[in-house]
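Reader: Good morning. May we go through this structure together, one topic at a time?

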Amino acid sequence: MYLPKFTLESPRSIEEAVSLLGSGEQTKLLSGGTDLFPRMKYKLCSPGVLISLKGLPSFPPQIDEERKLIIDANISLTAITLSPEILEKAPLLALAAQKVATREIRNMGTLGGNICQETRCLYLNQTHTFQFTEPCLKRGGKECYFAPKGKKCWATFMSDIAPTLFCLNASVIVAGLDGEQQIKIEEIYTNDSLKPLSLKPDQIITKIIVPKTQSPSGNGFAKFTVRKTIEFAIVNVGVFLETEKDLKTCKKARIAVGAVSEGPQRALEAEDWLAGKSLSKENINKVSQKAASSLKIIPHHGYSKKYLTECLKIQSKQALNDAVEGLADQSNRGR
Amino acid sequence: MSELDYVGKRILRKDGPDKVTGKAIYTVDIQLKGQLVGRILRSPHAHARILDIDISLALEVPGVKAVITGKDTLGIKHGFVETPRYPADQYPLAMDKVRFIGEEVAAVAATDVYAADKALSLIKVTYESLPAVFDPEEAMIPGAPEIHPSHPKVKEDLVNIGGKTASGWGDVEAGFQEADYVREDRFESHLRTHGFLEPHATVASFEADGKLNVWTSSQGPFIKRAKLAKTLGLPQSSVRVKKAYVGGAFGGKIDLYTHEFCAALLSMKTSRPVEIIATREEIFTAYRHGQPMIVTVKTGVKKDGTIVAQEFKTINNSGGYRGSGVVVIFLVWGFAMAPYRIPNMKYKGYSVYTNNPIRSPQRGHGAPQMRFAVESQLDMIAAELGISPIDIRLKNARVSGEMLPNGDNVHNCGLKDCVLDIAKHTDFTAKFGISRTEKQGRYRKGIGIGVSAYFGGSLIYPNSSSVIVKMNDDGSVSLLTGSLDIGQGSETILCQIVAEELKIPIEEVQVFAADTETTPVDIGVWISGNAYVTGNAAREAAGDVRRKLMTIAAEELNADIENLIFQNKRVYISGQPERSLSYEELVALSIQKHRGDSVIGNGHWRTMRDEPFHPSLATTKGRWTENYAFDAQTAEVEVDTETGNVRLLKAVTAHDCGFPINPLQVEGQIDGQVSMALGHAFMEEIMMEKGRTLNPSWLDYRMPSICNIADSEHIDVITERYQVGKPYRTKEVGEGYVSAILAAIANAIYNAVGVRLFSTPFTPEKILKGLEKIK
Ligand SMILES: Cc1cc2nc3c(=O)[nH]c(=O)nc-3n(C[C@H](O)[C@H](O)[C@H](O)COP(=O)(O)OP(=O)(O)OC[C@H]3O[C@@H](n4cnc5c(N)ncnc54)[C@H](O)[C@@H]3O)c2cc1C
Ligand code: SF4
C-alpha cells in the first residue's frame, strides 16, 4: 500500500500553522502520522495538503509556579514515558503511554495525535477497492455494515491515553483563527463516532495542562489485549485515587474507560460510590462491578458485549488494585 | 565405519550471512530496465456472472501500457490438482463467472502504481449478481446456489461437492458392537493464514528471443514453470524461473497464482519487464489461506483403551475453486490412520465449494485439524475409562515394522519411545494427576499430551529430484540443485551431505540453486520431502564423484579401493597418510588420464521408486510414502480463570524425525512450529463475513509476538542412521509438529480447569463461557 499524493507544509509558528489550516478544506494536521498515514493509505481521507507540526517550536514538560504540569501536545509518546516531570506529576499518563503500540510507533506518535485519533471499526480500517465497496455511514454512505438495521455509526474510540487525561482532570490549550482558549479534555470529545472530536478544522491542540494534583494519590492503568503488544485495547481503564492521609480511605476517585464506546467515558456512578469509602478488597470488587454495569459498551473487533462487560470488570479491578498497591508502597516508603 | 564430520552436526545456515547483512536478493529487489508495475482488478461480488468488461477508459490513462482480461488469455484452466478425476477448474483470469470476492478479473501494467490503480478504477465490469453461499454445510444441501456442478462421481443427494474421499477397512459396525465404550464428537477448526513475511511477488520479463524469465516468491521453480508454460501456451523450454530468496511460504506459495500469470502475460504484451507485488491486504483478503475443517469422529474402545473401530467424517470449506481441498480430505485420512492401530475404520471426507477465497496447503495440511479432534477425544475416552492419557496412547501406538492398510510400512517407528520419554521428561503422570479441586486461585495450571505422525516426500509433480555435483580444478565442489531454500535451510543440509560424502569443508561447497534452466529438476520444498528426496539425490551425486576420485586415486597410488581414506580434500592409503593425493591433483589426473573427465557426479531420487503413481485421492488406494515421522508433544498451560486468558508455559516435543541431519535446524523447525501452533491455538483467526475479510492487516490478524512465545524443549528419538555411501531414511521435520501440540494445549486446558474445547481458537471468551457452565 502507498500514500496518495499530497503537499507537505512545515510552518514555523502556531499562527502560521493555524492560517494554513484555515485556508482550505483539503488541509489536515500531521503530527507523527501513525494514525493519519494508515488512514490515507486506506483512502479514508485524502487531504491535498498536510501541515506538519514537526517544525513548530517545542518545549519539554514543565511544572509552573502553580504546580500545574504543562505538556507540549507534540511530545512523542516515548518522551512521555521518560520525562521526570511527567513521572512525578502525572505518572498515570506515562503508564498509559507505555502501553501504546510498540516502541517504534511510540517514537513517532505524539500526545496530540493520540488524543485526536479517529474512531476505528473493522469494516472501516481497510481499503475498499473490492471489499465493502459501498461506503458505510462513516464514509459518507447510507448504511452501516456493523449494525445494518440502524442509522448510526458505532466505530469505537481506541486511544489509551485519553481516558487517563480524564482521570487527571486535564485540559487542553487550543489555538485557532479565533485565538487561543483552554478547554476541558472532556469537551473535545463529541461521543459521535462519525466525528469524534469537537475541534474546528482550523484548531490545533498546542498544550495539555494537568492541574496540581492532591497528594497522596494512587494511579492505575490496565489495558487488556490478546498478545500484549502492538494491539489496540479490548478495553482500557485508568484510575486516579485521592485519599485521606491514612492512604486507605478514598477521598475522590476518577475512573475512565476507553476503547468500548464512541469516546472515553467516566464511570461517574462508580466514582461517587467509592468516595469516602475504604479501599478494601471488597469495595474494589464492588466498584469494579458498578463501573462495568453502568457504562456504555459497544461490541467491537469481534468481542461481544457480554465478554467486554466481563473484561471491563476485571480490568477496572486490576487498575484499582494497582492504584491501591501504589499507595501502599508510598505508605511503606513514608515510614 | 568412519565418523561423521558434517552430517548430524549443528552447522550454521549457509544463507544466514546474506540475510543478516541484507545482501540477500528477494523478488522485490529485482529491478530491470523499463520495468512496469502490474496491478490486479478483483471482483467485489462473491458470486456473479460477468456480462461485460469495458477497458477503453483504462487504456487512456497516461502511463498505462497494457490491460488484460480473460479474453486476452488462452482460456486454459489450471488447478492445484490436475488429474483425470479432478481436472483443472480455474481460469487464470475469470472468464464467465466470479466465485469469490477478490477473484481476479483484469490486470493492468503501467509505469507507476498510481497510473495502474487509476486504470483499475476505470475498468467497467458489468456483473449479474448471483446468490452466494459461504458455509460448507449449507452449500452441500440441495437447493443451495450452485457454484460448480457437483463431482459427477459423487452420487449422493448433495450439491457443490468438489471431491470426496472414501476409505475404510474391516467392519466398523461390528467394531462398535464389540466395543465397551463408544463416543462421537464434532470438532471445528477455524480459518488461519500462513503469515509469511515476504508478500507474494513476481517479476516477469519476456525477452525479444521469446524467452520468459520469471522471478517469483515460491516453493519451487519447476511447478511454476510447468503451469506458467501451460496456461500461457509456451513450451516449457521458453519459460525460465530463476532463484530469488524467499521470505517464508508455509504452503501458501506452491502452485500457480494469478499475479504470476498476469505479470508474465503483461510482459508478453508490452515487451517490458512487469512486477506485481501483492499488498498485504490483498493477501489477507483474496489469496489462499489454510483449511478450515469440520471433523466428526466416532470411536469405539475396549475397557483397556484399545481402539476397535473409528469412523470419520470430514468437511472442508474449499472456497470458489478446488484448490487443495480435495487433497486435504485425503491427507486427513492419512493423519487419522498413521499413529494408532485402527482395526476397523471408515472414512469419508467432502470438499465443498463455497463462495470464499480458495484454500491452499498450510504447514501441516490437515494434520492439526485431525489430531486436534482425535487426541482431544482420546483424552475424553481415557478419562471415562479411568486410564491415563499416556497408557491409552501406548496401548494403541504403532510399532516398528508395522504395515499400514495402504501397503506402506512404518519401518523404524519411535512413537512409543516418544510417548514414554516425554512422560518421563515432563513428569507427566504426577502433574496430570493433581486433582482440579486442589487447584485453587485465579491462575491454574494443567498439562496435556498429543501425538501425531506425518508423511514425507509423497509423489506429486515433478515426483523426483536430481542433483549434480561438480569438482572444480582447485578441488572445491559445486552443487547444482533445483531445490529452493525458502528459509527452512535446504541449501545448508544439502551442503552438509555433499561435504560428508566427499569429506570437504562445507565452505568449499558452493550452491547453485533453483533455476529451471541450469539446475536439475526438483520436487520442490513442500510435501515435506526435500531433506529425504533431494538429500538422497545429493548424496548419490556426491557418491558418484567419490567413486570417480577413488578410482583415479587407486590407480595412481597403486592401492586397493577399500584401503583408501578420504579426509579434508585428500585421499590417502589407510595407515600410510604420506601416500596421498589432493582433490586438486585428482581432478587434474582425471582430465589427463580419463579422456578429459572433469569429475561430475549425478544423482537422482524418488520416493517409492517402484510405484508408478501417487495414491488415489478418492479411494486412498496406493502407496503414500515410505517414511513416517512420529512425535509426542506436551503442553503446560496456565489459565487465568478471571480473564479466560491461557498462556502456554512450556511445550515439549519428543520427535522421531529419523536422523537429524542438522540438529540446530531440527530444533529451529520445532520451535517455529510450536509458536505457529500457539498462534493457531490462541490468537490467529481470519474473521470473515459473507466472503469478506474483516481483519486484513497484521494489526487485527494477531500473530504471536515475542511476548507470547513459550519455552520449547526437544527430545530426540533417533531411529535411523546416516552412513557414507548408503541411502538414508530421514523423516519429515517441517510440518508435523504443529499438530499434536494443538491437541496437547486443548487437553492441558481441560486438565487445568475442566473446560473441554471443541473448536479452535481457544479464546478467553470460550474459556470464560466454559467456566461459567461448570460453575
Ligand atoms: C500499528 C499501530 C498500533 C497502534 N496502537 C495504538 C495503541 O495501542 N493505543 C493507542 O492509543 N493508539 C495506537 N495507535 C494509534 C496511533 O499510533 C497513536 O494514537 C499515536 O499516538 C497517534 O499520534 P500521531 O502523532 O502519530 O498522530 P497523527 O497520525 O499525526 O495524527 C492523528 C490525528 O490527530 C490530528 N492531530 C495530530 N496532532 C494534533 C494536534 N496537535 N491538534 C489537533 N489535531 C491533531 C491529525 O490531524 C490526525 O487526524 C496505533 C497505530 C498503529 C499504526
Ligand atoms: S460502525 Fe461506523 S465505521 Fe463501522 S460500518 Fe458502521 S458506519 Fe461504518
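Reader: To begin, what percentage of the 335 residues in chain A is buried?

Author: Buried residues account for 55% of the 335 residues in chain A; buried means under 20% relative accessible area, exposed over 50%, and partly exposed in between (1.4 Å probe, protein chains only). Please note that this is a predicted model, in which local features need pLDDT of at least 70, side-chain atom pairs count only at pLDDT 80 or more, and totals for chains, interfaces and linings use all residues. Residues are numbered from 1 along each chain as its sequence is written, chains are lettered from A and ligands numbered from 1 in the order in which they are written, and side-chain values use heavy atoms, with hydrogens and water left out.

Reader: And what is the figure for chain B?

Author: In chain B, 65% of the 775 residues are buried.

Reader: How many helices and strands does chain A have?

Author: Chain A has 11 helices and 12 strands. Helices (H or I, at least four residues) and strands (E, at least two) are DSSP runs, numbered from the N terminus. Chain B has 19 helices and 28 strands.

Reader: Why does the radius of gyration of chain A agree with a compact globule?

Author: Chain A has 335 residues, so a compact globule would have a radius of gyration near 20 Å, and chain A has 20 Å. The radius is taken over C-alpha atoms, and the globule rule is 2.2 Å times the number of residues to the power 0.38. For the 775 residues of chain B, the rule gives a value near 28 Å, and the 27 Å of chain B agrees.

Reader: What box do the C-alpha atoms of chain B fill?

Author: Along the principal axes, the box is roughly 85 × 75 × 50 Å. The C-alpha trace of chain A spans about 60 × 50 × 35 Å along its own principal axes.

Reader: How much area do chain A and chain B bury between them?

Author: They bury about 3,200 Å², with 56% of it on carbon and sulfur atoms. Buried area is the accessible area (1.4 Å probe) that two parts lose on being put together, summed over both.

Reader: Which three residues of chain A supply more of its buried area than any other three?

Author: Those are Y2(A), F130(A) and R227(A), which supply 24% of the area that chain A buries against chain B.
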